[in-house]
Amino acid sequence: MNTRTEKILSSAVEAIGNTPLVELSRITRGLDGRILAKLDYLNPGFSKKDRIARQMIEDAEARGELQPGGTVVELTSGNTGTGLAIVCGVKGYRFVAVMSKGNSVERARMMRALGAEVVLVDQEKSSVPGQVSGADLELVERETEKIVRERKAFRADQFRSTGNFRAHYLHTGPEFLRQSGGAIDGFCDFVGSGGSFAGCAAAFKEHRASIQCYVVEPAGAAVLAGESIINPNHRVQGGGYARPELPLLKREQIDGFLKVTDEEATLAARRLAREEGIFAGYSSGANVAAALQLLRTTCRGKTIAILICDSGLKYLSTDLW
Ligand SMILES: Cc1ncc(COP(=O)(O)O)c(C=O)c1O
């Protein structure tokens, strides 16, 4: 039974997860192999990050780290913040989102609408609006730390939180396996915190060690692959921060690295909308572009799983559409 759709739920928090899995058979026409896309943009906050918001808060409650009426703070590119705004709003916590001004304005507006306090941090002088670099993220990190100290708040901390990993290890990965009948040969994922990659990869490899898991990075900032940064500014919001070490990512889970340009991510997101009726953002486009690379090279004839990370509605102010 799909618990999300077949009974009355006690709140929108219960509606997180159990998203549909769709074969992208139009985009892969003429290619040997399949892409199975998990429509995580259909979560209540229109992104996969609702999952980790719920898990991080429920894990903190279980550990006794969050008291009724307490304050939660998070550094976010908007999606985790939106998820936290939903979960905190429903559960009665105050929530402060700290975000770079480089992220699209829809995100700040949506979090405010959901009851969050949104603190916007100026970008570095050399940065471009709409393109958040590692240096921009450093500035947001400093502001986040300051607010956590001042307000004696609980920091969700998605880059280090085991809740981020657990959300995908306990739910996203097993859902993929259940829905596909276990018929997955590969997985590729555009990495931000690395939580989705790490959680899904762990679930997949536990199911069958031969499932190949690929990290996807922006072409000019493929630091996890060991390359130097040529261009830290890219359009794929939510990841590609050029951080060489990510606490949640385990090297032994990574079978390879793929690079995607802004143009490839943009074109793939537009094809997803036009050909498959899936209205998603840049990182979903990056995942599709990377999966197509795999089907054309090392994974010919295989089935590749990807996440559709967030909704295209979050990019109406950008030049994606
Ligand atoms: C739109 C989008 N895509 C991809 C990612 C990266 O996901 P993860 O942090 O699980 O690596 C994020 C993370 O915030 C995101 O918001």
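How much space lies in the largest cavity? About 260 Å³ lies there. A cavity is a set of points, on a 1 Å grid over the protein atoms alone, where a 1.4 Å probe fits but cannot get out; its volume is the space filled by probe spheres set on the points, which are joined across faces, edges and corners.

This is a predicted model, in which local features need pLDDT of at least 70, side-chain atom pairs count only at pLDDT 80 or more, and totals for chains, interfaces and linings use all residues. Residues are numbered from 1 along each chain as its sequence is written, and side-chain values use heavy atoms, with hydrogens and water left out.

A search of the whole structure gives four cavities of 30 Å³ or more. Two of them are set out here.

| Cavity | Volume | Lining residues by type |
|---|---|---|
| Largest | about 260 Å³ | nine nonpolar, 14 polar, five charged |

Lining residues have an atom within 4 Å of a point. The largest cavity has 28 of them, and Lys 48, Lys 49, Gly 192, Gly 238 and Gly 239 are the closest to its centre. Gly 192 also lines the second largest cavity, as do Glu 217 and Arg 243, among others.

Helix 6 (195-207) supplies three residues, the largest share of the lining of the largest cavity. Helices are DSSP runs of H or I with at least four residues, numbered from the N terminus. Eleven of the 13 residues of helix 6 are buried (under 20% relative accessible area, 1.4 Å probe, protein chains only). Phe 197 and Lys 205 are among them.

Key. On a 1 Å grid over the protein atoms alone, a cavity is a set of points where a 1.4 Å probe fits but cannot get out, and a pocket is an open set with protein on both sides within 12 Å along at least five of seven lines; lining residues have an atom within 4 Å of a point. Helices (H or I, at least four residues) and strands (E, at least two) are DSSP runs, numbered from the N terminus. Ala, Val, Leu, Ile, Met, Phe, Trp, Tyr, Cys and Pro count as nonpolar, Asp, Glu, Lys and Arg as charged, and the others, Gly among them, as polar. Buried means under 20% relative accessible area, exposed over 50%, partly exposed in between (1.4 Å probe, protein chains only).
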